[in-house]
Amino acid sequence: MSYDDLQTMQQSRLAKLIEKLSARVPFYAERLKGIDPAKLKSKDDLRRLPFTVKADLRNHYPFGLFSEPVTNCVRLHASSGTKGKPTVVGYTANDIANWAEVVARSLACAGVKPGDVLQNCYGYGLFTGGLGLHYGAEKIGATVIPASGGRTQNQILLLQDLGARILCSTPSYALNVAYTLAELGIPNEELKLEIGIFGAEPWTESLRKQIEDRLSIIALDIYGLSEIMGPGVSMECAEGSRNGMGLHIWEDHFLPEIVDPESGEPLDAGEEGELVFTTLTKEAIPLLRYRTGDISRLNRSKCVCGRTTVRMDRVRARLDDMLIIRGVNLYPTEVEKVLLSVTELAPHYQLVIDRKKALDVLEVHVEVTESIVSTWGEFHDGLVELKGLRNRICNVLKDTIGVSAEVKLLKPNTMARSEGKAVRVIDRRKFPVGHNAR
Ligand code: DLL
């Protein structure tokens, strides 16, 4: 579809959305007073429309932002949320069909074909990962193994015996699978894996490289959020992933913007800011200008794969995850990048923040590799090599992220492994800062 035709389609869908929201959702009716959908001439007029934030969903828990009666919904999902009540989202039969369509497109983007065996390790349940991928994979004609998360040794048995070519999971869980395979002494040649479809949490290029090397696969990024639909809002294509082209947004369903996280003002293409989505086809709970809290950039240049949609950069971080350590802003992904550049370290880490004598203290806990322990021949705190490595990491962290951290090096295999979304931060301060509306 040409960009002009797409824009026309988006505009007419947007006008219909505003009519529906004004007529059916009191929360939006109040906010959209005086706005005439017929007068929304271009996407630039979007900036006159109000934002929606996570707190709006919570404040209208459970169904206050629904545009359809719950009786018209065939499914409900919810995100657990750390602050009390979960966020509930609903789907009509059409919503489920559209969701399967965008996930199927995403899978096609990755090179999934009818007949492929796909092991889906995203959690099945209220989380949208499991069922979201499941329906899209069935739609494309793949054979789905609904493994869900956890029980890693069992997952490996399934990989060996049922021969999946595609693995769907969080990147941290894929790493868990890779390490467990190595522990069990199972070579990659015993598996048929070729493609990984990883998302649901921020991850870095360095982590991609580690997963690809360890599993001998191509690892691709899938993005989404339950408020907008679930997985499949955007997806990296196999061809573009080697050139850092970003993720294709299915913009006939999801209208993206990038705004300044502070002022909310729209930013130009290419500028980094907060991703905002308006749903264009959702029936049960359509949302207007939903602020995702995810930091990215939009890119309309031509993709090597030939697809014409706008793309987003891989999410650099979530605003929510921003830590303020003694006045310095820091994202866990920045630390990940540094740690993964040190060859003696394994990609298992956690940041622990505490307040001691009114000062923030950042501890970086990270495992060393098996091979460095065998080179040293021992592992204890007084080891000269260990002290040297610790100092080196402290210096690199100070130089690159500008924060002094206490580094705690751990023996291989001592940190809890991820079964879904990894817990990268433990904030023990009394009043955590850096947490926004999400
Ligand atoms: O995580 C949906 C999903 C499932 C996406 C499976 C991909 C694969 P929520 O639990 O609502 O939904 O969490 C949404 O997770 O706002 C981002 O902060 C983060 N996130 C999702 N995908 C990515 C990604 C699912 N590829 C929140 N990269 C989003 C970075 C991601 N962060």
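In this report, helices (H or I, at least four residues) and strands (E, at least two) are DSSP runs, numbered from the N terminus. The structure is a predicted model, in which local features need pLDDT of at least 70 and side-chain atom pairs count only at pLDDT 80 or more, while totals for chains, interfaces and linings use all residues. Residues are numbered from 1 along each chain as its sequence is written, and side-chain values use heavy atoms, with hydrogens and water left out.

**The sheets**

Strands of a sheet pair through backbone hydrogen bonds, either parallel or antiparallel. Here, two strands pair if DSSP finds at least two bridges between them. S13 is joined to strand S14 (residues 311-312) in the antiparallel sense, over two bridges. In this pairing, Leu298 stands opposite Met312 of S14.

Another open sheet has four strands in the order S10-S11-S12-S15, with antiparallel pairing. Its edge strands are strand S10 (254-259) and strand S15 (317-318), and each pairs on one side only. Between S10 and strand S11 (residues 273-279), the antiparallel pairing extends over six bridges. Within it, Glu257 has Val276 in S11 as its bridge partner.

**Helices across the strands**

**The ligand**

Of the 21 residues around the ligand, Asp221, Ile222, Ser226, Asp294 and Arg318 come nearest. The table gives polar contacts, that is, pairs of N or O atoms within 3.5 Å.

| Residue and atom | Ligand atom | Distance |
|---|---|---|
| Ala200, polar backbone atom | nitrogen | 3.0 Å |
| Glu201, backbone N or O atom | nitrogen | 3.3 Å |
| Asp294, side-chain N or O atom | oxygen | 2.6 Å |

The protein covers 96% of the 600 Å² of accessible area (Shrake-Rupley method, 1.4 Å probe) that the ligand has on its own. Helix H5 (128-140) and S7 are the elements that give two or more residues to the shell around the ligand. The largest share, five residues, comes from S7.

Most residues other than glycine have a negative phi, and most peptide bonds are trans. Ser216, however, has a positive phi near 50°, and its place is in the loop between helix H8 (205-215) and S7. A cis peptide bond joins Tyr61 and Pro62, with omega about -10°. Pro62 is in the loop between helix H3 (54-59) and strand S1 (75-79).

Conventions: Near = heavy atom within 4 Å. Polar contact = N/O pair within 3.5 Å; in protein donor to acceptor, adjacent residues only side chain to side chain.
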